[in-house]
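User: I want to learn how to read charged residues in a model. Can you take me through some cases?

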Amino acid sequence: MASTSSPSSSSGRVPSSILIIGGGVFGLSTAWALCNNPDFKDTSITLIDRLPFPTTDGSSIDASRIIRPDYAAAPYAKLAAIAQEKWRTDFAPEHYHQTGLCVTAAGPEQKYVSASLANVQALGVDKVEVLQSSEDIKRVCGLEATGPTGAGNVGYVNWSSGWANAEGGMRWLRKKLEALNRVNFVVGKVASLAIDHQTSSISGATLSDSTHITADLTILAAGAWSASLLDLRGICKATGQALCYMPISASEESTLSTRPTLLNLSNGLFMIPPANGLLKVARHGHGYTNPTTIRHPESEDPNATITVSLPYTHIDDPNLTVPVEAHRSCRDFLANIHPSLAIPSRPFTQSKICWYTDTRDGDFLISYHPKYKGLFVATGGSGHGYKFLPVIGECIVNCVMGRTPEDFKERWAWPQQRVPEEQWSGDGSRGGPVGMVLKEELGKGRRANL
Ligand SMILES: Cc1cc2nc3c(=O)[nH]c(=O)nc-3n(C[C@H](O)[C@H](O)[C@H](O)COP(=O)(O)OP(=O)(O)OC[C@H]3O[C@@H](n4cnc5c(N)ncnc54)[C@H](O)[C@@H]3O)c2cc1C
């Protein structure tokens, strides 16, 4: 683990001012935890986001997110179970739907499925059914068919997993936070961190309109954009994931909305039960990179540049849709499981690319920066951070105070070395194509012919 310092351990005092950059799951939950922690009662808290809430292209805002303790890594399974209990009871329960999760595979990803099953059973979840064939999967998910690129061959269903209305959960927390009247919410784009190269310290941030916000402690929680403000090469990278939406009728919704989410880890494709007249089909995959050359965020040389993968969203291009290959994969998946919905007269009417902040092994990055005093980084959601909304802020604040949960000391620490991205192993949960570059795929066309 790289050497890190905390304000409590190094200076023996709680920061008098904290700037949180980013109002997604990591930033918002941190602000909430700070407000609820008496140690920070005299600390001024500012949360800045580049867009007004809700940030429509942020990872935390969408129709739905899976809430599951179904993890191959036991520490996340345990933490997710704690978060899930809050979703069930006192954390936006009206946005949580416990319709089950069916995790399947048809190849080497079975390893993840087996490890996840073992962890869920170790947690004492008894509403689990092991599925030995695609027919079993078809039965529990109420599928019309089990085509070869659809449901997978083996897996299990955890009837006590569920999903949440992601935007609903975020709105719920934001409202609670606003009601406290403690956080200064600012809309503005951070152009750079305020780095003092002499002292290797950060004293806040400079915005794109050249104004400064000073702070004792800056918490970088800018999700997939974090790599535009700090050199995270070999540590974090943005990968774009495809989502497609189809309008469905009220009667279709009432039938499908009681079914479990189906997640086939071998091709990464999944279908979440519909809500508000929309069915979502998406891919939890290796994603697209978007290599972008930017000014080196940490260099004193104004001409120094680095190339990193950064998000490209509908804010950058209002006409952005998913590339043909993603559209085709989602369609094909639907045709394999619900052929009646995949007929030409039933197109996907919306699509989007949503950005994961991937790390090399799928662990979050929640740590002081090893070089800059006054800088803490809370990111690396790696496509699975949403479910932790009720608890991740408290974990982050504990890490800020030098009390990283034992199970996560190694996992969330600043990596000892930067590892070339092509050598990243991931957490074993991703399926589908590898090595795609967004602009190349978009260049091949944005819509498949139906
Ligand atoms: C398609 C998709 C599906 C997913 N599915 C699941 C799931 O089923 N279950 C689950 O648990 N998790 C899931 N996740 C992961 C989860 O949504 C993310 O881990 C989580 O939302 C990340 O939160 P964040 O705060 O890091 O990022 P974000 O929500 O993206 O927040 C970062 C914020 O920083 C702001 N920002 C960026 N740059 C600047 C700047 N320069 N100045 C000011 N503000 C800035 C952005 O505007 C943004 O609001 C999924 C993610 C995606 C993309």
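Analyst: Start with burial. This model is predicted. Aspartate 62 has 7% relative accessibility, so it counts as buried.

User: Which residue forms a salt bridge with aspartate 62?

Analyst: Arginine 65 does, with the closest N and O atoms 2.9 Å apart. Arginine 65 is buried because its relative accessible area is 15%, and the cut-off is under 20%.

User: Where do the partners lie in the salt bridge between aspartate 407 and lysine 78?

Analyst: Their side chains meet at 3.6 Å, N to O. The pair links distant parts of the chain, 329 residues apart. Aspartate 407 is in the loop between α9 and β24, and lysine 78 is in helix α3. Aspartate 407 is partly exposed, at 40% relative accessibility. Lysine 78 is also partly exposed, at 43%.

User: How do I read a pair within one helix?

Analyst: An α-helix has 3.6 residues a turn, so residues three or four places apart point the same way. Here, glutamate 178 and arginine 174 both lie in helix α6, 4 residues apart. Their side chains form a salt bridge of 2.8 Å, N to O. Arginine 174 is buried at 13%, whereas glutamate 178 is partly exposed at 42%.

Terms used
Residues are numbered from 1 along each chain as its sequence is written. This is a predicted model: local features need pLDDT of at least 70, side-chain atom pairs count only at pLDDT 80 or more; totals for chains, interfaces and linings use all residues. Side-chain values use heavy atoms; hydrogens and water are left out. A salt bridge is a side-chain nitrogen of Lys or Arg within 4 Å of a carboxyl oxygen of Asp or Glu. Buried means under 20% relative accessible area, exposed over 50%, partly exposed in between (1.4 Å probe, protein chains only). Helices (H or I, at least four residues) and strands (E, at least two) are DSSP runs, numbered from the N terminus.
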